[in-house]
Amino acid sequence: MPAPCRRGLIALSAAALLAALAGACPAAAQDTAGLIVLMRHADAPGTGDPAGYKLDDCATQRNLSEDGRAQAARIGGRLRQLGIDQARVLSSQWCRCLDTARLLDLGPVKELPVLNSFFGQQDEEKDRITQLRQFLADLPRDGKPVVLVTHQVTVTALTGIFPASGEAVLLRANGTPNPEQVDRLTVP
């Protein structure tokens with residue numbers, strides 16, 4: 001077999017292997033340009049936060065459990081399997097989101113207040129989601145992957161999906177406030 005044919009066959013085999021590794025997400029495995037990983041923080045037992053919580057004091061918030069910390073590391077590993085070894089990582093200012101984002105180990109983490117929870121403050125939902133949709137519309141279609149670590153209420157308001165802890169909705173930037181939904185990613 002001529003060398004160019006062998007190289008083509010090897011490239012196809014590698015693409016098939018990568019798609020097999022990706023499981024339910026073959027499109028994400030083959031092309032990460034413009035990919036947006038919109039995820040709920042990893043496991044943090046309970047609902048909401050205690051009364052009187054403060055964003056700048058993790059001791060006053062609901063935080064990741066040990067299982068949640070391990071789950072976040074597994075999610076980072078799964079994203080690397082999909083071809084995302086470096087990403088722009090943005091997070092809600094809540095400690096459970098920041099910890100999840102750091103434990104993914106995909107790049108430096110920056111706080112993005114538009115990802116903050118509005119649980120129990122539904123009057124903030126419309127403005128927050130409008131701002132987030134504008135942020136998504138401004139993402140380049142050919143940009144490097146973006147990981148957004150946020151809360152269930154944000155993911156649900158944006159996509160209609162009620163994610164489990166650590167679950168992600170994979171989106172593709174398309175220059176509009178409504179990026180294309182590519183798939184879902186769950187990691188036990």
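Reader: How many aromatic pairs does the structure hold?

Author: This is a predicted model. The structure holds 1 aromatic pair. Its members are Y53 and W94.

Reader: What makes Y53 and W94 an aromatic pair?

Author: The ring centres are 5.7 Å apart. The cut-off is 6.5 Å. The two rings therefore count as a pair.

Reader: Why is the pair of Y53 and W94 called tilted?

Author: The angle between the planes is 40°. Stacked needs under 30 degrees, and edge-to-face needs over 60.

Reader: Are Y53 and W94 buried or partly exposed?

Author: W94 has 4% relative accessibility. Buried means under 20%, so W94 counts as buried. Y53 has 28%. That value falls between 20% and 50%, so Y53 is partly exposed.

Reader: What makes β1 largely enclosed?

Author: In β1, 6 of the 6 residues are buried, so the rest of the structure largely encloses this strand. Both faces are covered. L35, V37 and M39 lie on one side, with I36, L38 and R40 on the other.

Reader: Which strands pair with β1, and in what sense?

Author: β5 (residues 168-172) pairs with β1 in the antiparallel sense, over 5 bridges. There, I36 has L171 as its bridge partner. β4 (residues 146-150) runs parallel to β1, again with 5 bridges. In β4, the partner of R40 is T150. Pairing takes at least two bridges, so both cases qualify.

Reader: How many salt bridges does the structure hold?

Author: The structure holds 4 salt bridges. One of them joins D99 and R69, at 3.8 Å from N to O. D99 lies in helix α4 and R69 in helix α3, so this pair ties together parts 30 residues apart in sequence.

Reader: Why is the contact between D99 and R69 called a salt bridge?

Author: The limit is 4 Å between a side-chain nitrogen and a carboxyl oxygen. At 3.8 Å, the pair of D99 and R69 is within that limit, so the name applies.

Reader: Where do E167 and R184 lie?

Author: Their side chains meet in a salt bridge at 2.7 Å, N to O. E167 is in the loop between α6 (152-159) and β5, while R184 is in strand β6 (residues 180-185). The pair therefore ties together parts 17 residues apart in sequence. E167, at 7% relative accessibility, counts as buried. R184, at 37%, counts as partly exposed. Elsewhere, shared partners join R69, D99 and R102 into one salt-bridge network.

Reader: Why is E125 called partly exposed?

Author: E125 lies in helix α5 (residues 125-137). Its relative accessibility is 28%. That is between 20% and 50%, so E125 is partly exposed. Beyond four places in sequence, E125 touches F118 and A157.

Reader: What is the pLDDT of the model?

Author: The chain averages a pLDDT of 85, and 84% of the residues score at least 70. Over residues 3-30, pLDDT stays under 50.

Technical notes: Residues numbered from 1 in each chain as written. Predicted model: local features only at pLDDT ≥ 70, side-chain atom pairs only at ≥ 80, totals over all residues. Heavy atoms only, no water. Helix = DSSP H or I, 4+ residues; strand = E, 2+ residues; numbered from the N terminus. Buried < 20%, exposed > 50% of the residue type's maximum accessible area, 1.4 Å probe, protein only. Contact = heavy atoms within 4.5 Å. pLDDT = per-residue confidence, 0-100. Phe/Tyr/Trp six-rings, centres within 6.5 Å; stacked < 30°, edge-to-face > 60°.
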